[in-house]
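The following note sets out some points on surface patches, aromatic contacts and salt bridges. It is intended to be read beside the structure.

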Amino acid sequence: MRVPRNRQQALFLSQKNGTKSRAKTLKISWTTWRRILSRNTDEFCRNTTIHGLKYINNSKLRSSDRFFFGIALLAVLSFAIYLIQDAFDKWNTTPVIVGIDPELTSITNEPFPAVTICNLNQALAEKVANLAKNSVEFAMLQSLCRKQVDPKMVTDNSSNWEEFILNISQPCKSMVIACHFGADDYECARLFHPIVTDEGLCCVFNMLQPNFMYRKRVPLSHRNMTLPMGLESVNWHAELGYRRRGSQADEGISLYPRRAQGTGESLGLSLTLDVQADAYYCSSSSSIGFKVALHSPNESPNVRETGVLLAPGMETKLRIDPAKILTEKHLRWLDRRYRRCLFRNELRLRWFAHYTQRNCVAECLSGWLLRHCGCVTYYMPRLNWNDTTCPVGKRECVELIRFRTIEAMESCLEQCLPSCFDLNFSAFAYSTKISHDGFRQTHPNRRWNFTDAYVERSVAVVNMYFKEPAFRANKQTEFIGFSDFLSGVGGLMGLFLGFSFLSIAECVYFALIRPCRTCSEIRQLNQQRTQPQPAHIRYVTPENWFQAELAPQQPRRLHFNPA
């Protein structure tokens with residue numbers, strides 16, 4: 001049987017209108033939302049562990065009682081927020097504390113300090129006797145002797161300071177006349193190399209090789225440095241240290257910089273020095289003798305300001321006291337403004353290959369001289385390949401900047417933070433007069449033929465050694481870590497409010513999960529109510545038609561739990 005066209009159109013319009021009406025009924029009204037949220041809030045306040053909410057929400061209490069608990073809750077919450085803010089500021093601004101490393105550091109795992117020795121004599125008298133007084137060399141000599149120089153007397157403004165100092169100064173071979181290091185090296189004088197410092201020409205022992213020390217042009221005094229057979233140069237750094245002992249590569253080879261051998265004078269560094277007092281032309285200070293500075297092998301020496309005086313005719317014992325700073329590796333992710341130190345690859349220097357605060361300050365002061373004088377002094381780093389050495393005529397400008405060191409240092413120290421891994425050495429000096437008979441017995445095989453008067457006037461003996469086999473380093477650790485901060489905040493919230501992470505889960509459940517689930521169930525219920533029941537067409541035979549008509553219809557029951 002065919003359905004007429006007008007009845008098909010009517011059926012289509014009725015289905016379309018039914019769809020629109022169902023869409024309208026699927027929307028949740030604001031009143032329903034309020035009822036759902038009100039019911040969830042009431043149940044949350046009755047069941048939560050947060051103190052005070054069940055009294056505020058209890059309608060059986062008087063309004064004054066509920067108001068009292070509301071004021072108490074606000075006061076406690078405000079005080080808790082204040083304490084949490086204070087804990088956050090402490091965690092954010094002072095995250096690092098310096099303590100003592102619980103593990104002992106053996107001195108045999110650390111390098112022996114680099115030793116820089118300078119003769120206070122700035123020039124050998126016989127080498128400068130023939131200099132013309134109006135020459136640039138004579139003006140340079142007077143500047144080295146810290147004497148007044150008239151720039152008008154200098155006709156030539158060109159100068160090669162390093163070459164001039166190397167030519168007029170006492171060489172290391174004649175300065176260090178006897179040396180033994182540890183129990184296995186009795187000819188360590190060959191390990192002293194010339195270096196130009198703020199005290200003129202000096203001799204340095206146990207410093208990094210130039211290819212590891214400098215990034216750019218190597219100073220003239222370091223260009224011909226070689227190591228004896230049996231020594232292997234390594235790129236030592238306080239953060240990396242030496243490679244582990246016992247490897248096959250270490251068999252029969254000593255690493256340079258040399259490790260500390262042990263404690264006491266017999267395992268330290270013993271030197272016999274000749275000051276050559278008869279060849280003195282001028283001194284950089286008011287005395288005759290030497291200056292010695294101990295420093296880390298990967299940093300430049302600061303002899304003029306930190307050196308210890310060694311007097312001729314005296315035997316001096318220098319007891320070495322090491323000081324090391326360590327930093328936990330995970331502190332690298334903290335802002336350097338708060339940790340107040342730099343790891344080795346966080347700041348790249350322009351002249352030195354290794355970052356230390358001393359190297360950084362030296363480069364910073366060179367920058368000051370370049371900006372104010374247009375040149376750098378002969379012993380300071382060259383930041384650019386075309387930097388010129390300050391001639392004698394620029395001495396006044398150089399001295400002006402040097403006397404303004406406080407202002408310059410304050411500026412440089414803001415840029416040059418301490419190293420997070422650093423090794424420094426300090427020395428305690430004890431001196432006594434040399435015994436002439438004891439000196440001959442100590443050096444029986446030497447062919448010096450020194451008289452007693454010459455020994456008293458020109459020879460100095462120095463012994464450098466460690467007193468203890470191990471020391472405790474300082475270690476930078478977290479003052480308040482994230483777990484400590486979280487524990488503090490949790491303790492404050494639990495103490496004042498009874499709040500915990502499960503309270504957060506309760507808030508999320510009653511504020512989001514449960515209302516959304518309730519709305520979803522309401523939409524499903526409305527959709528099922530508005531959906532027309534489909535007609536079931538059953539094909540029956542004439543024989544069982546009567547039984548099918550008499551079969552009872554089972555009504556469909558709908559259950560809805562608004563909770």
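1. Patches are made of residues with over 30% relative accessible area and no salt bridge, nonpolar side chains being joined within 5 Å. In this predicted model, a nonpolar surface patch of about 690 Å² is made by Phe 482, Leu 486, Phe 501, Ile 504, Val 508, Leu 512 and Ile 513. Helix 16 (482–497) and helix 17 (501–530) are the elements that give two or more residues to the nonpolar patch. Helix 17 contributes the most, with five residues, while Phe 482 lies in helix 16.

2. A positive surface patch is also present, formed by Arg 215, Lys 216, Arg 348 and Arg 350. Of these residues, Arg 348 is placed in the loop between helix 10 (336–339) and helix 11 (357–373). Arg 348 counts as exposed because its relative accessibility is 64%, and the threshold for exposed is over 50%.

3. The aromatic pairs number twelve. In one of them, the ring centres of Phe 343 and Phe 421 are 6.1 Å apart and the planes stand at 50°, so the pair is tilted. Phe 343 belongs to the loop between helix 10 and helix 11, and Phe 421 to the loop between helix 13 (405–415) and strand 12 (422–433); the pair therefore ties together parts that are 78 residues apart in sequence. Both Phe 343 and Phe 421 are buried. Elsewhere, one aromatic cluster is formed by Phe 112, Phe 181, Phe 192, Phe 205 and Phe 466.

4. Which residue forms a salt bridge with Glu 199? The partner is Lys 291, with the closest N and O atoms 3.4 Å apart. Glu 199 lies in the loop between strand 4 (193–197) and strand 5 (200–205), and Lys 291 in strand 9 (residues 290–295), so this pair ties together parts that are 92 residues apart in sequence. Glu 199 and Lys 291 are both buried.

5. The salt bridges come to nine in total. Arg 337 pairs with Asp 335, the closest N and O atoms being 2.9 Å apart. Arg 337 is exposed, at 56% relative accessible area, whereas Asp 335 is partly exposed, at 33%. Shared partners join the salt bridges of Glu 265, Glu 315 and Lys 317 into one network. Within it, Glu 315 and Lys 317 meet at 3.8 Å, N to O. Glu 315 is partly exposed at 27% relative accessibility, and Lys 317 is partly exposed at 25%.

6. Leu 231 is found in strand 6 (residues 231–233). Leu 231 counts as buried because its relative accessible area is 17%, and the limit for buried is under 20%. Leu 231 and Leu 255, 24 residues apart in sequence, are 5.7 Å apart in space, C-alpha to C-alpha.

Note on methods. Residues are numbered from 1 along each chain as its sequence is written. This is a predicted model: local features need pLDDT of at least 70, side-chain atom pairs count only at pLDDT 80 or more; totals for chains, interfaces and linings use all residues. Side-chain values use heavy atoms; hydrogens and water are left out. Patches are made of residues with over 30% relative accessible area and no salt bridge: like charges are joined within 9 Å, nonpolar side chains (Val, Leu, Ile, Met, Phe, Trp, Tyr) within 5 Å. Accessible areas come from the Shrake-Rupley method with a 1.4 Å probe; for residues, only the protein chains shown count as cover. A salt bridge is a side-chain nitrogen of Lys or Arg within 4 Å of a carboxyl oxygen of Asp or Glu. Lys and Arg count as positive and Asp and Glu as negative; His and the chain ends are not counted. The place of a charge is taken as NZ of Lys, CZ of Arg, CG of Asp or CD of Glu. Helices (H or I, at least four residues) and strands (E, at least two) are DSSP runs, numbered from the N terminus. Buried means under 20% relative accessible area, exposed over 50%, partly exposed in between (1.4 Å probe, protein chains only). Rings of Phe, Tyr and Trp (its six-membered ring) pair if their centres lie within 6.5 Å; planes under 30 degrees apart count as stacked, over 60 as edge-to-face and the rest as tilted.
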